[in-house]
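This briefing goes through one protein chain, from its overall dimensions to individual residues. Please keep the sequence and the 3D view at hand while reading.

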Amino acid sequence: MTMRTTTLGTTGPQVSALGLGCMGMSALYGEADRAESVATIHAALDAGVTLLDTGDFYAMGHNEMLIGEALRAAPAAAREKARVSVKFGALRDPEGGWSGYDGRPAAVKNFAAYSLQRLGVDHIDVYRIARLDPDVPIEETVGAIAELIEKGYVRHVGLSEVGADTIRRAAATAPVSDLQIEYSLISRGIEQEILPTLRELGIGVTAYGVLSRGLISGHFGADRQLSATDFRAHSPRFQGENLQHNLTLVEALRKIAEQKGVSVAQLAIAWVLSRGTDIVPLIGARTRERLGESLGALDVTLEAADLAAIEEAVPADAAAGDRYPSAQMAHLDSER
């Protein structure tokens with residue numbers, strides 16, 4: 001395996017062709033093993049993965065502290081190459097509930113101060129509000145990040161889950177490196193308007209959910225029991241008939257993967273990689289075993305016939321169920 005590198009848009013940092021999304025090591029997918037999580041981050045760095053993605057609200061700072069711990073224990077050369085992307089702005093309560101987003105300039109700087117401390121770094125490579133604050137113009141939020149860049153606390157402006165109009169307004173305020181948004185074989189909404197806008201403006205994509213939270217990993221079964229704290233227990237795509245339908249898509253992918261001699265997960269990640277060098281898939285591996293499988297996607301070459309077979313097996317809009325519960329879908333600027 002050779003780790004390829006790319007640049008996030010025309011203004012972003014150079015990063016590995018795959019990034020590591022660390023959220024699942026702390027929150028939303030049930031219990032995780034801290035020692036294994038740190039070992040997985042180290043294994044990713046050893047393999048040449050340089051982009052680590054987190055959010056300051058993932059288990060209320062736990063994920064940032066976990067990454068900070070891993071970076072402190074990593075070899076100096078790997079630590080220096082690491083690029084950390086942080087989402088901010090989501091408001092939580094002591095019970096773990098969600099209460100909106102805060103994109104006010106003062107809040108942006110406050111969030112950044114805490115993230116720098118928890119991560120144990122002197123700057124954040126890419127900083128982005130997790131969701132658009134409907135009460136604060138994106139120009140003000142991005143302007144505050146630009147001020148942090150001027151002072152050396154942040155390197156690049158990122159965006160997350162916003163639509164084409166918001167992207168244009170943000171890019172007119174300050175250079176934007178990338179948009180982080182869900183993109184996979186069964187989540188292809190960005191292809192209509194958002195992706196063309198990004199390419200017109202020279203903005204990259206960091207794609208999360210490339211395995212649709214494990215749904216198209218080839219490892220999720222209909223009899224899987226999910227805890228109440230697992231996001232998927234409330235996700236429409238994992239419910240009842242929706243789940244049954246979506247797993248038939250996975251079985252169709254499995255036939256193609258077996259013909260290629262690869263796993264379903266590798267095929268799904270390779271498909272996202274095939275969509276362009278301006279798209280960096282974030283793999284959500286929580287263990288070294290799953291990390292190794294995901295990295296194997298880098299060695300998968302999809303020919304035109306393979307892509308055609310995948311498209312036939314899983315056409316756009318083939319999935320049953322929205323990617324978030326209805327209350328959360330209503331707050332996604334990218335879906336408007």
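The model is predicted. The protein chain has 12 helices and 12 strands. Its radius of gyration is 19 Å, close to the 20 Å that the globule rule gives for 336 residues, so the chain is as compact as a globular protein of that length.

**Whole chain**

- The C-alpha trace of the protein chain spans about 55 × 45 × 40 Å along its principal axes.
- Of the 336 residues in the protein chain, 56% count as buried.
- The accessible surface of the protein chain is about 14100 Å², and carbon and sulfur atoms account for 50% of this surface.
- When contacts between residues at least 6 apart in sequence are considered, 74% of them join residues at least 24 apart.

- Strand β3 (residues 19–21) pairs with β12 in the parallel sense over 2 bridges. Within this topic, Leu-20 has Ile-283 of β12 as its bridge partner.
- Strand β11 (residues 204–208) also pairs with β12 in the parallel sense, over 3 bridges. Thr-206 has Val-280 of β12 as its bridge partner.

- In strand β4 (residues 51–55), 5 of the 5 residues are buried, so the strand is largely enclosed by the rest of the structure.
- Leu-51, Asp-53 and Gly-55 point one way from β4, and Leu-52 and Thr-54 point the other way; all are buried.
- β3 and β4 run parallel and are joined by 3 bridges. The bridge partner of Leu-20 in β4 is Leu-52.
- β4 and β5 run parallel and are joined by 5 bridges. Thr-54 stands opposite Val-86 in β5.

**Val-280 in close-up**

- Val-280 is found in strand β12. Its relative accessibility is 1%, so Val-280 counts as buried.
- Leaving aside residues up to four places away in sequence, Val-280 touches Thr-6, Leu-8, Val-15, Ser-16, Ala-17, Leu-18, Gly-19, Leu-51, Val-205, Thr-206 and Ala-207.
- Val-280 and Gly-321 are 41 residues apart in sequence, and their C-alpha atoms are 25 Å apart in space.

**Helix α9**

- In helix α9, 10 of the 10 residues are buried, so the helix is largely enclosed by the rest of the structure.
- The buried residues of α9 are Val-264, Ala-265, Gln-266, Leu-267, Ala-268, Ile-269, Ala-270, Trp-271, Val-272 and Leu-273.
- These buried residues pack against β11, α8 (240–260), β12, α10 (288–295) and α11 (304–313).

**Aromatic pairs**

- A search of the whole structure finds 6 aromatic pairs.
- In one of them, the rings of Phe-88 and Tyr-127 have centres 4.4 Å apart and planes at 25 degrees; planes under 30 degrees apart count as stacked, so this pair is stacked.
- Phe-88 lies in strand β5 (residues 83–88) and Tyr-127 in strand β8 (residues 124–129), so the pair ties together parts 39 residues apart in sequence. Phe-88 and Tyr-127 are both buried.
- The rings of Tyr-183 and Trp-271 have centres 5.6 Å apart and planes at 50 degrees, so this pair is tilted.
- Tyr-183 is in the loop between β10 (176–182) and α7 (194–201), and Trp-271 is in helix α9 (residues 264–273); the pair links distant parts of the chain, 88 residues apart.
- Tyr-183 counts as buried at 1% relative accessibility, and Trp-271 is buried with a relative accessible area of 0%.

**Aromatic cluster and a charge over a ring**

- Phe-57, Tyr-58 and Trp-98 form one aromatic cluster.
- The charged end of Arg-92 sits over the ring of Trp-98, at 3.7 Å from the ring centre.

Conventions
Residues numbered from 1 in each chain as written. Predicted model: local features only at pLDDT ≥ 70, side-chain atom pairs only at ≥ 80, totals over all residues. Heavy atoms only, no water. Phe/Tyr/Trp six-rings, centres within 6.5 Å; stacked < 30°, edge-to-face > 60°. Helix = DSSP H or I, 4+ residues; strand = E, 2+ residues; numbered from the N terminus. Buried < 20%, exposed > 50% of the residue type's maximum accessible area, 1.4 Å probe, protein only. Lys NZ or Arg CZ within 6 Å of the ring centre and 35° of its normal. Pairing = 2+ DSSP bridges. Rg over C-alpha atoms; globule rule 2.2 N^0.38 Å. Contact = heavy atoms within 4.5 Å. Areas by Shrake-Rupley, 256 points an atom, 1.4 Å probe, with all protein chains shown as cover.
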